[in-house]
Amino acid sequence: MALSWNEIKDRALKFTKEWEGESRERAEKDSFWNDFFNVFGISRRRVATFEEPVKKLDNRQGFIDLFWKGTLLVEHKSKGKDLSAAFSQATDYFHGIKERDLPKYVLVSDFERFKLYDLDEGKEHEFPIAEFHQNVEVFGFIAGYQKKEYKPEDPVNRDAAELMGKLHDQLEEAGYEGHSLEVFLVRLLFCLFADDTSIFEKDIFKDYLDQRTNEDGSDLGMALAQFFQVLNTPHNKRQKTLDEQLQQFPYVNGSLFEEALPIASFNSSMRDLLLQCCRLDWGKISPAIFGSMFQSVMDAQERRNLGAHYTSETNILKLIKPLFLDALWEEFEKVKRSKKKLAEFHKMLGTLKFLDPACGCGNFLVITYRELRLLEIEILRHQFKNQQVTAIENIMWLDVDQFYGIEYDEWPAKIAEVALWLMDHQMNMRISEEFGQYFVRLPLKKKASIVHGNALQLDWEDVVPKSELSYILGNPPFIGAKWLSKEQRTDIAQVADDNIKGIGILDYVAAWYILSAKFIGGTKIKVAFVSTNSITQGEQAGTLWNPLFKNYSIKIHFAHQTFNWKNEAKGNAAVHVVIIGFAAFDDFPKFLFSYESVKSEPQGREVKNISPYLIEGPDFAITNRSKPICNVSLLKTGNKPVDGGHYIFDENQKQEFLKLEPEASSYFKPFIGANEFINGNPRHILWLKDIAPSELKKLPLVLERIERVRKFRESSTSKPTQRIATTPTKFHTENYPLSNFLIIPQVSSERRIYIPIAFEEPGIVCSDKLRILNPATPFHFGVLVSIMHMAWMRVVTGRLKSDYQYSVLTVYNNYPWPKAPTAKQKAAVEAKAQAVLDARAQFPGSSLADLYDPLTMPPALVKAHNALDKAVDKCYRAKAFSSETERIEFLFELYGEYVGTEGK
């Protein structure tokens, strides 16, 4: 059993008194170092050797004074010798040491001074032996105590994943695969952590493999099978004739080593890989990344991108702090001076229960447990200040059995369970340091309840009774509606039943919201999920949230607006997400976290209510409408040829075609989509509507194109497309204005303050990526291009990635136009709208993309837009709007006036 820090410090003081100040000879160094290791409760003979022979860089024979493979190299000099020179001599030995055995630390001494070099961190510690007991913490690595700084991009993470991945591949190639391989590797990972974090005595697993198995690996599989069996056997039930080294290992229990696995067959290469794994410092790898590491081990393509599956702790804290952690710390501050209230608060923490219904490898549960244990340590500091604690286990209330999860795949479910054990141990080490006693929970008696199954098909009540549950949290799968499998669509349909209509547009994560809303009715359970931001935008917002409000009395308690959900891995794609905390009861205060950009840090503010658009507003979302709520022209979609590209030409293709068939010239028209509209350079399209058959007969190449279109449509799997094969000269959708019209692009960059909107003259064919308003007046243009309309659009529209995706049914048809502008106000808007067009005309060589890029937008155009915005604002009210939030609140109130109770 490992020594407590109090015991280590007592031994260090005894060592100091024994060895300081006396004249010592090099001949006594063996006793010196044996005593040194004894300070930490470690047998020097077990871990390190004296006079280890090694070939130096110059090929001469050298001897390392003391060598602990993979951990420590000691160079001992006579009193008064140069310790820097001793360090140089020590590093000369590296040339002759196998890479896997290179030390992490170099220690030089001359009986009077210690100088420790931490090679990984690039740090040095030097002090006289007389102060050894005051600096003994820097040698914590010897006993397995170390303050770790966990970094997802730490090279040890990548090295560990790479080595374990290679071992996985070789075992799989040898025929050891599937469930057995997954469990086998989970066990190895646990043991590697245990060997470096004081669950086991330091390095005894490594030593067992190195010293008790053949170099060719022939007996390693059998040795591991016996080893796993030993870990699952209480000491009093182990055979008396069991190998002495195996007897040293603790009884682990916890079901991790319970299942009998097939014996793996190793070779020398596989044994070497496992020993290389043992040489790494697994104490540097946080249990929080344990799951993503294992995922990378199992998937060769992910190994070089370790962290892509790792949910950063910063992002997890964005969810758990407002969900419960901030409130718990606030409560602690209130009660910490009352012994009775503090004890009650502490006991209450032990009753909290958490469910992650899409837990993956358990990152949310692991970080949640860590944060609660840190709070518990702070509580214990106050409860037992200036008191001697004799039994740590009797003063702790928190344990891993407060955590529940559901996971679709089997092996992440097991990983989540193990990761919580490892975090529990890590926090036990923290509390051991705090109270000076070694405390480890072995054998494992409690465990998290992680259920392997489909969370959308299981009854959550069977996982944890709702009467006992406190919080539901996590980040369910980020799968867009368009990418759902047949099984996933069935899942959503079964969860939604008849209470939610139009579920075909919902992202997969919506099913967790619906199921949670059903589950928490009539309880005080709070829920928070990380979600794709599309459930708060466009059509999805109304489809999901209105039924949640109406049928299940859901209230949003806090929310993070859109931000980048990205991890520390290099090159991993960022997903635009939101965090929403909710319950089936109201609560105050409510907090809304906004971001200046998706990459910025959050700024929180207290609000009265949070709408499904994650702004301050009422509990309802806009739904699609077939016609505008106001008396304005219909906004329609442009043309959809469905031609397989046979009618569309770029400039060069058109010229080549006309060289062969010049008579077709009059049937070509400019063709623009959103890209051409914004950036210029229109393409061309054959417009053959109402062309006379006699004319077509004169155009054989055009007829050839028509035939290609007919065949393309006939071969389609779409019934509507097949039907229009009989009229190949017509487009699927046609919209060709004969008078001036307005164009609004379907997609526009989020960087732009204003969506580029413009008048066009007849003669241009617009694609279905453009919206057409006809008839349209300068007043229509002025209002639609105003900041008022842009504010509305930014809130209620859908997104394509982060770009605005302008919807006719959601944005335009629901837009509350000024209710009764005067003729003077309308004239002012028209005049300022014309000024915007005039400002654009000053830059004839610039595209709309150039004109509306925030970095290149001309000052004259900015000034014209500002003037237009003021004119449009006055059509709504006399008082100026102070912020976009104020505009949105006003527009939603006006919307309510237009639609009455129908829209709420």
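Is S268 buried, partly exposed or exposed? I looked this up first. S268 has 42% relative accessibility, so I logged this serine as partly exposed. The model is a predicted one, and I read every entry below with that in mind.

**Entry: around S268**

I placed S268 in helix α11, which covers residues 268-279. I then listed its contacts, leaving aside neighbours within four places in sequence. S268 touches E215, D216 and G217. I also checked M164. It sits 104 residues from S268 along the chain, and the two C-alpha atoms are 15 Å apart.

**Entry: the whole chain**

I stepped back to the overall picture. The chain has 904 residues, and 56% of them count as buried. I counted 32 helices and 26 strands. The C-alpha trace spans about 110 × 70 × 55 Å along its principal axes.

**Entry: cysteines**

How many disulfides does a search of the whole structure find? I found 0. I checked C277, which is in no disulfide; its nearest cysteine sulfur belongs to C278 and is 6.9 Å away. C875 is buried, at 7% relative accessible area.

**Entry: α27 against α32**

I turned to a helix pair. Helix α27 runs over residues 787-796 and helix α32 over residues 884-899. Their axes come within 9 Å and cross at roughly 80°. At that angle, α27 is roughly perpendicular to α32. Which residues meet here? From α27 I noted I787, M788, A791, W792, R794, V795 and V796. From α32 I noted E884, R887, I888, F890, L891, F892 and Y895. Sorted by class, this contact has 11 nonpolar residues, 3 charged ones and no polar ones.

**Entry: salt bridges**

Side chains of opposite charge can pair when their charged atoms come close. My count came to 40 salt bridges. I went through several.

K526 pairs with D587, with the closest N and O atoms 3.0 Å apart. This pair links distant parts of the chain, 61 residues apart. K526 is in strand β11 (residues 526-532), while D587 is in the loop between β13 and β14. K526 is partly exposed at 21% relative accessible area. D587 is partly exposed too, at 23%.

D586 and K590 also form a salt bridge, at 2.5 Å from N to O. Is K590 buried or exposed? K590 has a relative accessible area of 0%, so I marked this lysine as buried. D586 is partly exposed, at 37%.

K819 forms a salt bridge with E897, the closest N and O atoms being 2.9 Å apart. K819 is partly exposed at 48% relative accessibility. E897 is exposed, with a relative accessible area of 51%.

I also found a network. Salt bridges that share partners join D110, R113, K115, E124 and E126.

**Entry: backbone checks**

Most residues other than glycine have a negative phi, and most peptide bonds are trans. I looked for exceptions.

The peptide bond from F588 to P589 is cis, with omega near -5°. P589 lies in the loop between β13 and β14, the loop that also holds D587. The bond from N774 to P775 is cis as well, with omega near 0°. P775 lies in the loop between β24 (770-773) and α26 (778-784).

Where does D203 lie? I found D203 in the loop between α7 (178-196) and α8 (204-212). Its phi is positive, near 70°. D203 is at 2% relative accessibility, so this aspartate counts as buried. V642 has a positive phi of about 45° and is not a glycine either. I placed V642 in the loop between β16 (635-637) and β17 (648-649). At 18% relative accessibility, V642 counts as buried, because the cut-off is under 20%.

Notes:
Residues numbered from 1 in each chain as written. Heavy atoms only, no water. Disulfide = S-S within 2.5 Å. Buried < 20%, exposed > 50% of the residue type's maximum accessible area, 1.4 Å probe, protein only. Axes fitted to C-alpha atoms, helices over the stretch in contact; angles between N-to-C directions. Helix = DSSP H or I, 4+ residues; strand = E, 2+ residues; numbered from the N terminus. Parallel < 35°, antiparallel > 145°, perpendicular 65-115°, else oblique. Contact = heavy atoms within 4.5 Å. Nonpolar A, V, L, I, M, F, W, Y, C, P; charged D, E, K, R; others polar. Salt bridge = Lys/Arg side-chain N within 4 Å of Asp/Glu carboxyl O.
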